[in-house]
Amino acid sequence: MKYAVETISLTKVFSDWWGRRKVNAVDNLNLKIRTNEVFGLLGPNGSGKTTAIKMMLGLLYPTKGHSIVLGGDSTDPKINEHIGFLPEESYLYQYLNARETLDFYAKLFKLPSKIRKDRIEALLDMVGLKAVANRPVGMFSKGMARRIGLAQALINDPDLLILDEPTTGLDPIGTRQIKDLIIQLAKRGKTIILCSHLLADVEDVCDRISILYGGKIQAMGKVEELLKHTDKKQITTSNSISDEALAKIRNIIEAEGADCDIVSPMDKLESFFIRTVADAQKQSKFTSGAVSTTNIGNFLTSGDTSKGILDKLVSESVGEETIGKKIETRKAEPIEIVEPDKDLLSALTQTSEPVKPTAVIKTDTVEPTEVPGAVDDDILDELVGKKRPVETEIPKKTDVSEDQADG
Amino acid sequence: MGRIWAVAVNTIRQILRLKIATAFIVILFVLLPVMGFGMTGDGTLKGRLQSFVSYGLSLTSLLLCLLTIIASIYTLTSDIKNKQIYTVITKPIKRSQLIAGKLVGVVLLSSVILVFFSCLIYSIAVYMPKFLNSSEQEIVKAKDEFYTARASVKPRQQDVTKEVEREYEKLAKSGMLEEVFKNDSKQQIIAQLRRQKKLEKRSASVGSQILWEFYNVKPTVGSEDIFIKFKYDVSVTPADNQIFGGWMIGDNRKPVKEIDTEVYNLRQKNSIGTAHEIKIPADAVAEDGYLAVAFFNLPLNNTVVMFSPKDGMEILYKADSFFANFIRVALLIEVRIIFLAVTGLLASTFLSMPVAILVCIVVFFTGSISQFIIESFGYLGESVIGFYQYILKPLIQFMPQFDKMEPASFIVPAKILSWFELAKVASVMVCIKSLVLLSIALLVFGSREIARIIV
């Protein structure tokens, strides 16, 4: 199965009481979402994102066209066994507590008792609600409700996860956790449709995006391709350098006829916030809300714990036949610690003392948009005095700045 | 079944959170014991029991029916309005399973409440004589006429057609027809003569008698007594409002000396306009189930005595226990609950909650006065025959007819509700009407869009 979701001329016309055509909520939408892809559906309010998703899920019937989900019709319960859906708000039964909520949804999947219990506990742990698992969902904050909503979407270990505005109402940590979770799930071979108007969220995690306006696709493609500035380059240093060095660099660049902006990179507020809360947690300060705020990141990004919980979720299949062919698991990008070249830095700064080496994390998964292109070879040759061949000294993908490394 | 059960359990939880459910339960829990010990009826033990059970069962039935309507509508409309249905219907559950789960949940909860309050009513009714320290005589009367389930046999309707024809011919020959009936058509005259003859058959003029014949009177083995239940009215009301009557009960087909069974002669005074019972030994009934009852209007009454056409005369005899009858009556309420739960779910598949509740309550109250409605529309229908015959009449017939089988109408007079009658009602209300409504509900819900378009 090449496509997890395919829509063919999907159209939804909103008519008034008299049956007169009023608004084309979705207009001839042709989407092809590949398996094992994180696909972002973007657009301003009322652009037709949610309507399109509702049609894919059979909650609305198309006026014209049709959608194929996991090779079939999503109104077929057999197809639904492989879909996880988080609506734009966590529409949950207020009187059920978190554990009962997950138990109810798990029973709809006919999960055997033991697997059901294991998954519920694993999910409660994952979304950080284990401590409040017996509290009615109606007493949850919006963010906590969102977390339990996400947990119910994952209860069946879905092959296709449809998330409509998943980070709405979440604190920055929760937002980050969901983004990390999406990345982890994608690595495990899941297809994810992310519907949002929070561009940063989509940018961080999506392989491809589609921007809707007026129910029509305005742009579609890979995030890097759509966002890349091919005419600009960025150099990031791992340590502070002297003003003289900066002036030299500026001169060299201006000699090439290019403009040059030199600024100190700022820490992202998200990273700062997460660090602050993590410090508070280390001091065991009391909170009545979601507790394990960094758990998603911890057990989904690395370490045995995360592997254990995700494996529990993924490996304990219910034994029902899977739809379509088995999806290959995408291998995680290795995190590589690269020692910066001392000579190179010395050459760049021309200081008498060598710069203290700092580790630079080489990655391109978390912040795909900040992938700079390779620096112009000629300029670099000039900068390093042709001491070393640039191709071998400069990391080709990206040297993320400090804020990225912190994140 | 697992999915249906999961939805059913969730539905029960959902309904229990409804304040109206709690309110109804509390009302019944408080009112029933109060009614049990507060109602006096006609002052006798039997009267108290009848009043309590009548009001208790009626109140329980009414509140449970209303609760069923509200709960069945709320459970689906609330899911749709609050959009919880988005997260449910996108799971591997068919829409029909969702509806079935909701139905099971509503019916199960109502049934549990019904069982609980039926037990409460039964217990109060059974233990009331002990609490009230009733006399032995009152207890015996209550046992005979309340703590039992009696079958009823009504006399055969006498065919008056030939008599009416003869009377008509006689009047025609004598030339009295035009004088008496003026411009009436033959059909109208025949109808009037028929009514007149029928009244004659159930009336006893001064010094005359009426004879009723009963067939298939089959008291259960071991039954000691049978009961002649009667109610009469008079043309001129006597000063003491009572009639002195003579009764002869037994097999009248042969001379008294030749028959094996007993013949009983009684003379007693009874008030007019109310039902009375005469208790006689069951050995008056012939082996083949035949029994004749004769009433003599004694000359001192000086008025014509007329027996009511509906409940003027019947034989009652013990056919089952009070407990078994009570269970069947509770099941009769259960049949209503199932029908109303299905109706509520059907309404909630395409109507908003207030409108759906209104529609269902109209259906419920229409069902409670169905005989009146059928008769009223019957008269109306004469002027719009086509519309009435093909649209209105089938629709009215499809409506429930709760008043035809009132639970209290069986328990209060200790009248048996047979399994056959119950099965007949259940098959019509549940197996036919409810199934049709459920099919329509599945069709509507299966084809409707769950979400609303938001643009």
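# Briefing on the A–B chain pair

Leaving aside neighbours within four places in sequence, A:Phe140 is in contact with A:Ala98, A:Leu129, A:Val132, A:Arg135, A:Ala145 and A:Ile148. The model described here is predicted. A:Phe140 is one of the residues that touch the most other members of the largest nonpolar core, which holds 158 residues. Chain A and chain B bury about 3,100 Å² between them, and three salt bridges are counted between the two chains.

**Nonpolar cores**

- In the largest nonpolar core, A:Phe140, A:Ile148, A:Ile155 and B:Ile85 touch the most other members.
- Helix H3 of chain B (residues 45-81) gives the most to this core, with 16 residues.
- Another core, of 31 residues, lies apart from the largest one and includes B:Ile226, B:Tyr232, B:Tyr317 and B:Ile416.
- As a general background, nonpolar side chains tend to be buried together in soluble globular proteins.

**Helix H3 of chain A**

- This helix covers residues 98-108, and its buried residues are A:Ala98, A:Thr101, A:Leu102, A:Phe104, A:Tyr105, A:Ala106 and A:Leu108.
- A:Ala98, one of these buried residues, is also among the contacts of A:Phe140.
- The cover over the buried residues of H3(A) comes from both chains: it includes helix H4 (113-126) and helix H5 (142-154) of chain A, together with helix H1 (2-16) and helix H4 (84-89) of chain B.
- At the N-terminal end, A:Asn97 caps the helix, with a side-chain oxygen 3.0 Å from the backbone nitrogen of A:Arg99.
- Just after the helix, A:Lys110 takes a positive phi of about 55 degrees.

**Interface of chain A and chain B**

- The contact draws 31 residues from chain A and 34 residues from chain B.
- On the side of chain A, A:Leu59, A:Tyr95 and A:Leu108 lose the most area to chain B, together 22% of what that side buries.
- Carbon and sulfur atoms give 64% of the buried area of about 3,100 Å².
- The interface has 16 residue pairs in polar contact, both residues of each pair being at pLDDT 80 or more.
- On the side of chain A that touches chain B, the elements giving two or more residues are strand E1 (3-15), strand E2 (21-34), helix H1 (49-56), helix H2 (77-80) and H3 of chain A.
- H3(A) gives the most to that side, with five residues.
- The residues of that side divide into 20 nonpolar, five polar and six charged.
- B:Arg13 and A:Glu100 meet through their side chains in a salt bridge (3.5 Å, N to O).

**Salt bridges**

- Over all chains, the count comes to 29 salt bridges.
- B:Arg336 and B:Glu406 form a salt bridge through their side chains (3.7 Å, N to O).
- B:Arg336 lies in helix H10 of chain B (residues 322-348) and B:Glu406 in the loop between helix H13 (385-398) and helix H14 (408-411) of chain B, so this pair ties together parts that are 70 residues apart in sequence.
- B:Arg336 is buried at 6% relative accessibility, whereas B:Glu406 is partly exposed at 28%.
- Salt bridges that share partners join A:Arg34, A:Glu37 and A:Arg208 into one network.
- A:Asp118 forms a salt bridge with A:Lys114, with the closest N and O atoms 2.9 Å apart.
- Because A:Asp118 and A:Lys114 are four residues apart in helix H4 of chain A, about one helical turn separates them.
- A:Lys114 is exposed, at 59% relative accessibility.

**Positive phi in loops**

- Most residues other than glycine have a negative phi.
- A:Glu165 is not a glycine, yet has a positive phi of about 50 degrees; A:Glu165 is found in the loop between strand E6 (160-164) and helix H6 (172-187) of chain A.
- B:Asn133 has a positive phi near 50 degrees and is placed in the loop between helix H5 (95-132) and helix H6 (136-145) of chain B.
- A:Glu165 counts as buried at 8% relative accessibility, whereas B:Asn133 is exposed, with a relative accessible area of 67%.

Definitions and conventions
Residues are numbered from 1 along each chain as its sequence is written. Chains are lettered from A and ligands numbered from 1 in the order in which they are written. Side-chain values use heavy atoms; hydrogens and water are left out. Buried means under 20% relative accessible area, exposed over 50%, partly exposed in between (1.4 Å probe, protein chains only). Contact means heavy atoms within 4.5 Å. A polar contact is a pair of N or O atoms within 3.5 Å; within protein, one must be able to donate a hydrogen and the other to accept it, and residues adjacent in sequence count only if both atoms are side-chain atoms. Buried area is the accessible area (1.4 Å probe) that two parts lose on being put together, summed over both. A salt bridge is a side-chain nitrogen of Lys or Arg within 4 Å of a carboxyl oxygen of Asp or Glu. Ala, Val, Leu, Ile, Met, Phe, Trp, Tyr, Cys and Pro count as nonpolar, Asp, Glu, Lys and Arg as charged, and the others, Gly among them, as polar. A nonpolar core is a set of buried Ala, Val, Leu, Ile, Met, Phe, Trp, Tyr and Cys residues joined through side-chain atoms within 4.5 Å.
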